[in-house]
Every structure is written in structure tokens, then in C-alpha cells.
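Let's take a friendly walk through this model, from single side chains to the open spaces between them. Keep the 3D view at hand as you read.

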Amino acid sequence: MSQTEGWLPEDRPRYLMGTGTPEDLVECVARGIDLFDCVLPTRNARNGQLFTSQGRINIDNARFAEDDGPVDPACGCYTCRNFSRAYLRHLFNTREMNAGALNTLHNLHFYLDTIRRIREAIRFGRFESFRRTFQEQLSAARLRDKG
Ligand SMILES: [Zn+2]
């Protein structure tokens with residue numbers, strides 16, 4: 001993208017296909033991208049990978065077998081309001097069709113909420129602060145997952 005961004009007119013929307021993770025969205029917005037189009041949130045949901053405010057989780061992980069908590073305590077989506085990690089893990093491991101649907105609802109909600117928060121940060125002139133906090137939270141989650 002860095003090779004093309006200087007050539008694109010500043011007064012037109014910028015569309016980027018195939019990107020990407022929530023952290024990619026934040027970084028690409030910082031570089032002037034306005035529109036995204038990517039399968040990642042839905043494809044990963046169908047494969048059991050969920051994006052959360054505390055980083056990514058794989059719902060088939062054994063540590064969720066008896067976890068009564070929601071996918072993401074900070075999320076207000078239908079899946080998080082109604083189903084536990086343990087139940088979603090069960091659905092996923094038994095190849096129940098609802099696993100993909102419920103996981104997809106959560107991931108799309110997480111992405112839309114991330115974009116809503118980006119839009120709000122831009123509107124109030126605090127995008128750089130939002131960007132820093134967002135990256136710090138994900139870095140902390142990565143360290144926690146490794147430790
Ligand atoms: Zn959710």
C-alpha cells in the first residue's frame with residue numbers, strides 16, 4: 001500500500017480488499033483507508049477463531065470445556081449475551097451448524113464495533129490515542145497467551 005498511497009487522490013474514498021485483522025484495520029485507517037472487504041472475520045469464525053477485546057481465542061481449546069463465561073465479556077452481541085464458551089466449544093467440536101453462525105455473529109459484531117470506535121475516535125480528534133491503546137491491549141493479550 002505504501003507504494004500507491006501517494007498516487008491516490010485525497011478527496012476520494014480508498015478501498016482495500018483482503019485486509020484483515022482488527023489491528024490491520026486500525027493501521028490501514030491510519031494510512032487513509034476508508035473501506036474494507038475481507039473474508040477473515042467470517043472464515044475464521046467458521047474455523048473456531050474468535051476476535052475479542054483481549055485478543056484472539058480458538059474456541060476448540062480444552063481450556064474452554066467448562067468455561068461458563070461469554071466469548072468476550074466486553075461484547076454485547078447475541079452470541080455473547082446468550083451462550084457460554086463451553087457451549088460454543090461443544091457446538092464447534094460436534095460440527096453443529098450453529099457453531100459457525102454464532103461465531104460469525106460475534107466476529108462481525110466485534111469488527112463493526114471496532115470500526116464504530118475508530119469512527120468515533122476520528123470524530124473526536126483522538127484517533128492516535130485510540131490507535132495506541134488498541135495496539136497496547138492486543139500486545140498485552142499476546143504476552144498473556146504466551147506466558
Ligand atoms: Zn460477542
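A polar contact of 2.6 Å links the side chains of Gln49 and Asn44. Such a contact is a pair of N or O atoms within 3.5 Å; within protein, one must be able to donate a hydrogen and the other to accept it, and residues adjacent in sequence count only if both atoms are side-chain atoms. Before going further, please note that this is a predicted model, in which local features need pLDDT of at least 70 and side-chain atom pairs count only at pLDDT 80 or more, while totals for chains, interfaces and linings use all residues. Residues are numbered from 1 along each chain as its sequence is written, and side-chain values use heavy atoms, with hydrogens and water left out.

**The chain as a whole**

The chain has six helices and four strands; helices (H or I, at least four residues) and strands (E, at least two) are DSSP runs, numbered from the N terminus. Reading from the N terminus, the order of elements is β-α-β-α-β-β-α-α-α-α. The C-alpha trace spans about 50 × 30 × 25 Å along its principal axes. Of the 147 residues, 37% are buried, where buried means under 20% relative accessible area, exposed over 50%, and partly exposed in between (1.4 Å probe, protein chains only). Among contacts (heavy atoms within 4.5 Å) between residues at least 6 apart in sequence, 51% join residues at least 24 apart.

Gln49 belongs to strand E3, residues 49-52. Why does Gln49 count as buried? Because its relative accessibility is 18%. Leaving aside neighbours within four places in sequence, Gln49 is in contact with Asn44, Arg56, Ile57, Asn58 and Asn107.

Arg85 is part of helix H4, which covers residues 85-93. Its side chain makes a polar contact of 3.3 Å with the side chain of Asp67. Beyond four places in sequence, the residues touched by Arg85 include Ile57, Phe64, Asp67 and Pro70. Asp72 is 13 residues from Arg85 along the chain, and their C-alpha atoms are separated by 9.0 Å.

Thr19 sits in the loop between strand E1 (15-17) and H1. Not counting residues up to four places away in sequence, Thr19 touches Asp24, Leu25, Cys28, Phe36, Asp37 and Cys38. In H1, the buried residues are Pro22, Glu23, Leu25, Val26, Cys28 and Val29. Just after H1, Gly32 takes a positive phi of about 100°.

Gly32 is also among the residues touched by Arg14, as are Glu5, Leu8 and Asp34. Arg14 lies in the segment before E1.

| Residue | Relative accessible area |
|---|---|
| Gln49 | 18% |
| Thr19 | 17% |
| Arg85 | 16% |
| Arg14 | 11% |

**Two pockets**

Rolling a probe the size of a water molecule over the atoms shows where empty space is left. On a 1 Å grid over the protein atoms alone, a cavity is a set of points where a 1.4 Å probe fits but cannot get out, and a pocket is an open set with protein on both sides within 12 Å along at least five of seven lines; lining residues have an atom within 4 Å of a point. Grid points are joined across faces, edges and corners, and a volume is the space filled by probe spheres set on the points.

The largest pocket has a volume of about 390 Å³. It is lined by 19 residues, with Leu25, Asp34, Leu35, Phe36 and Ile115 the closest to its centre. Helix H1 (22-30), strand E2 (35-37) and helix H5 (97-123) each give two or more residues to this lining, and H5 gives the most, with seven. The lining holds 13 nonpolar, three polar and three charged residues; Ala, Val, Leu, Ile, Met, Phe, Trp, Tyr, Cys and Pro count as nonpolar, Asp, Glu, Lys and Arg as charged, and the others, Gly among them, as polar.

The second largest pocket holds about 220 Å³ of space. Which of its 14 lining residues lie nearest its centre? They are Ser53, Asp72, Ala74, Phe110 and Arg117. H5 supplies the largest share of this lining, four residues, and helix H6 (127-146) gives at least two. By type, the lining of the second largest pocket divides into five nonpolar, six polar and three charged residues.
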